[in-house]
Amino acid sequence: MCFNDNDQKLWDEDPHEYVRKGYASAEYKPYRQKDGALLAIGALCDKLKQTEPYKSELERMLVQHVFPEFSSPVGHLRAKAAWVAGQYAHINFSDQNNFRRALQCVVSRMQDSELPVRVDSVFALRSFIEACKDLNEIRPILPQLLDEFFKLMNEVENEDLVFTLETIVDKFGEEMAPYALGLCQNLAAAFWRCMNTAEADDEADDPGALAAVGCLRAISTILESVSRLPHLFVQIEPTLLPIMRRMLTTDGQEVFEEVLEIVSYMTFFSPTISLDMWSLWPLMIEALADWAIDFFPTMVEGNFIQDTGQPAISLFFSLTLVCNGFDTCSGLFTLNADILVPLDNYISRGTAQFLSCKEPDYQQSLWNMISSIMSDKNMEDNDIVPAPKLIEVVFQNCRGHVDHWVEPYLRITVERLRHTEKSYLKCLFMQVIADALYYNAALTLGILQKLGVASEIFHLWFQLLQQVKKSGMRANFKREHEKKVCCLGLTSLLSLPADQLPAEALGRVFRANLDLLVAYKDQVAEAAKEEEAEDDDDMDGFQTDDEDEDGNGFDKEMGVDADDGEDTDTITLRKLAEQVCSYDDLKIICLHIKEFYGMPICLNELFSSLLLQLSSLHSGNILLVLSPRIIAFALKSAKSFRPNDEDDDDSDDDYSDDEELHSPIDEIDPFILFVDTIKENAKLKFKDSPFSCWRVGPISFSLSRVFFTHRTNTTPHNTRCIA
């Protein structure tokens, strides 16, 4: 446990190897005598922070026994002092001057003459930045920190260095704008160095490869932080373009996911999509056709909570799924690295280029990819979900410009629809048909009649719209977006000439549309009410270390008896679980689970489930999955943790849109489109029809009530009328 002569020799002769060995395993930390004592104090931090009388003495212990070692003439003691300080950065300092002193000591050691001391100081800095309540403590020295940080990255490859940078960027957000270009340039240079090291080293757990992934994730974090400053993306693009071009080929299979995320940011937040960025489209399509089909988001069916019967394990696994882009609400889990997002960005934000360019022909290449996937009988239904979503993107963004593609896309949609048994997939295919109707109702209806499937399609559509669960709630088209697409498609049918839509069919379309509009209105109103309540009560009831001095408030809140104490097994579970996720993070997760699941969960159960998951999954992968930025995303997405009771779901609005995709229909109010369509065609539609004799009056009354209620509860932005 103590620092020995061999360690001293390695420290002096090969500090890079000392750093690599020192951080390769949490169990291998050799130090001499006092370092051994400091190691024990740091390793026991979780227990000491929760147990009296040690808890109340931690600040004094740091001041008396740790702070002096920052000035030790012995390098490994300075390094250990930085590490221990970082372990206790989150405690409740009674004297904030002691927190400032610790922070200043850590920052000063970033310029230490010894490499391991500088590395430990950067690691500790991350904890202090997370714990800092007043960023003015750090803001004046931010340029200095970044300079020292990149000097260190030039010397050593370690993913934990990048985690520290991500923490800085997360904390300061748009304040990083002046440094964004320089940060991306330094990270890009570090990425190429790490890749070169990884290519020269065949070790599976090579730190260079892990650091390369970390560099790309840090770049994504920077792009997210400056997302409201589009001019910066133009400046950053030349730096990142070589990485994207190279890593979208077979050379980048190990980092394809991270590169897709960068492409998504660049194509969404840049003022325009440059021709250089368009050069990446063929690379992505070629990769999908050749080797990257796994990055076409697969849908894994199943309700984990029901299947396992073990709520604690299910909750943790749900967290892991959410962290990786899974849609836990619908029971269909979407694998990460979604190539749908950048392709959508290209079509929706670069529509003119998508439509006009013939070399390469983007429309043809998209058709080749979609038709190949949807016609492949070897691909399960769940594997082809993004294909119809891309068809929707084309129809919504290219109205009036892709008439020649309507029939081919409808043909493959109908063919696949006939062979699927999954209600979710059926609904998705029906949305494609609804989008086609909104694109051009006459053309679409003519094609469906030409294919001899019009009656079949509309019968299935109305059947899906009418299906309910045991609770009486709607079984299909649960999301706002799904309802809206159906409304637009059905409303477009109402605009057809009377000879194209029989009165009987017109009546069914009208009633189905009106019912759907009412459901849509209610869901939008409920969502707005929930959002307002969340804004008012944000983080209400969450206790900080300051508010929970005795450490028992949280456990009481979660249903744990504070008098029970913890046995040896529980302590072991806690120590192992903390290697994946900190105790404080899990406290917040448990509170989210209680709030959104409506049920308490014992913290120890969650730790136990973590351990069980660790036993079945490689711990290194889990550590990568639950990085700080991913944990933060999971907490933001905690509302989607609600379980899916397929048979008796009492909520119609717990299905949020499964992607953060934008489309032209976002600006269209289905109520105004519906009313304008009825006004324009009412005389032609209802005159002398049997439908008008008995149904027009009640429908008109219902329509007025729904429409005017809607108008009084929406903003001018949301009631914008289309031409």
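Helices α8 and α9 are oblique to each other, because angles under 35 degrees count as roughly parallel, over 145 as roughly antiparallel, 65 to 115 as roughly perpendicular and the rest as oblique. Here α8 (residues 115-131) and α9 (residues 142-155) pack at about 130 degrees, their axes 11 Å apart. On the α8 side, the contact (heavy atoms within 4.5 Å) uses Leu115, Arg118, Val119, Val122 and Leu125, and α9 brings Leu145, Phe149, Leu152 and Glu155. Helices here are DSSP runs (H or I, at least four residues), numbered from the N terminus.

A word on the ground rules: this is a predicted model, where local features need pLDDT of at least 70, side-chain atom pairs count only at pLDDT 80 or more, and totals for chains, interfaces and linings use all residues. Residues are numbered from 1 along each chain as its sequence is written, and side-chain values use heavy atoms, leaving out hydrogens and water.

Now look at Trp281. Beyond its neighbours within four places in sequence, Trp281 touches residues including Leu343, Phe354 and Leu366.

Next, the backbone. Most residues other than glycine have a negative phi, and most peptide bonds are trans. Glu52 and Pro53 are joined by a cis bond with omega about 10 degrees, and Pro53 lies in the loop between α4 (45-48) and α5 (58-66). Another cis bond runs from Glu359 to Pro360, with omega near 5 degrees. Phe477, in the loop between α26 (454-466) and α27 (480-494), has a positive phi near 50 degrees.

How values were computed: Axes fitted to C-alpha atoms, helices over the stretch in contact; angles between N-to-C directions. Helix = DSSP H or I, 4+ residues; strand = E, 2+ residues; numbered from the N terminus.
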